[in-house]
Amino acid sequence: MTDQHHAGGGAAREDDPTAVRFTDKRRIDPTTGAVRQPAPDDVAPPQGDPLTGAPGTPGTDAGAGGEALAAAEALAAERLDDLQRLQAEYVNYRRRVDRDRAVAGELAVLGMIEALMPVLDEIELARQHGELADGPFASIAEKLETTLGRFGWERYGAAGEAFDPTVHEALMHAESAEVDEPTVTQVLQPGHRVGERIVRAARVAVTAPLG
């Protein structure tokens with residue numbers, strides 16, 4: 001009866017929530033000297049760094065990886081935009097340089113033709129008077145005109161062509177029933193042009209229809 005009383009009393013004390021309990025967490029058993037294995041409940045789950053998402057937190061690792069990928073893609077897109085903008089600026093710059101170079105070259109040729117116009121007029125007058133039929137001067141004149149032609153220069157203006165005020169300068173006027181429109185009847189001085197640029201308009205005599 002005494003044993004039952006003690007057993008019952010011991011059980012009551014273990015069920016008592018207010019009873020004080022002690023847990024022996026020593027790694028070495030003091031009785032046997034063996035190393036104790038920790039209970040599954042005593043092993044704490046791996047904890048990751050809440051700031052850096054260290055190993056042990058798969059959700060944090062996935063989130064950090066996604067953010068890093070998004071940041072890398074945004075940076076790559078920004079660099080691509082910068083590259084495309086620089087490329088467009090370079091293409092525009094090259095176009096401006098090429099255009100300016102072409103304009104500068106054309107202006108240089110125009111200036112050269114303007115300086116040589118008196119010489120070219122003398123050559124044309126000499127040719128009209130038959131003074132360039134032969135001789136060294138004829139060869140020099142031909143070489144000069146051929147060289148200028150390589151730069152786009154040409155002499156223009158001929159009797160019988162329609163009068164065009166954009167390329168002709170009328171110095172003399174007449175009327176005749178033999179023409180249906182204003183017509184160049186005489187070239188007093190030929191015109192000079194380089195490509196589409198008029199250096200000097202052809203100076204001509206013009207005949208217009210009667211009335």
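Three strands make up an open sheet of mixed pairing, ordered β2-β6-β3. The model is predicted.

Trainee: Which strands are the edge strands of this sheet?
Mentor: Read the order β2-β6-β3 from end to end. An edge strand pairs on one side only. That gives β2 (168-176) and β3 (183-189).

Trainee: How many bridges join β3 to β6?
Mentor: Strand β6 covers residues 202-209. β3 and β6 run antiparallel. Q189 stands opposite R203 in β6. The bridges joining β3 to β6 number five.

Trainee: Is S176 buried or exposed?
Mentor: S176 sits in strand β2. Beyond its neighbours within four places in sequence, S176 contacts T207, A208, P209 and L210. Its relative accessible area is 18%, and buried means under 20%, so S176 is buried.

Trainee: Which residue has its backbone nitrogen 3.1 Å from a polar atom of the S176 side chain?
Mentor: Start from the side chain of S176, in strand β2. One of its polar atoms lies 3.1 Å from the backbone nitrogen of E178.

Trainee: What is the relative accessible area of Q186?
Mentor: Q186 belongs to strand β3. Not counting residues up to four places away in sequence, Q186 touches A159, R203, V204 and A205. Q186 is partly exposed because its relative accessible area is 40%.

Trainee: What separates the C-alpha atoms of Q186 and E161?
Mentor: Along the chain, Q186 and E161 are 25 residues apart.

Note on methods
Residues are numbered from 1 along each chain as its sequence is written. This is a predicted model: local features need pLDDT of at least 70, side-chain atom pairs count only at pLDDT 80 or more; totals for chains, interfaces and linings use all residues. Side-chain values use heavy atoms; hydrogens and water are left out. Two strands pair if DSSP finds at least two bridges between them. Helices (H or I, at least four residues) and strands (E, at least two) are DSSP runs, numbered from the N terminus. Buried means under 20% relative accessible area, exposed over 50%, partly exposed in between (1.4 Å probe, protein chains only). Contact means heavy atoms within 4.5 Å. A polar contact is a pair of N or O atoms within 3.5 Å; within protein, one must be able to donate a hydrogen and the other to accept it, and residues adjacent in sequence count only if both atoms are side-chain atoms.
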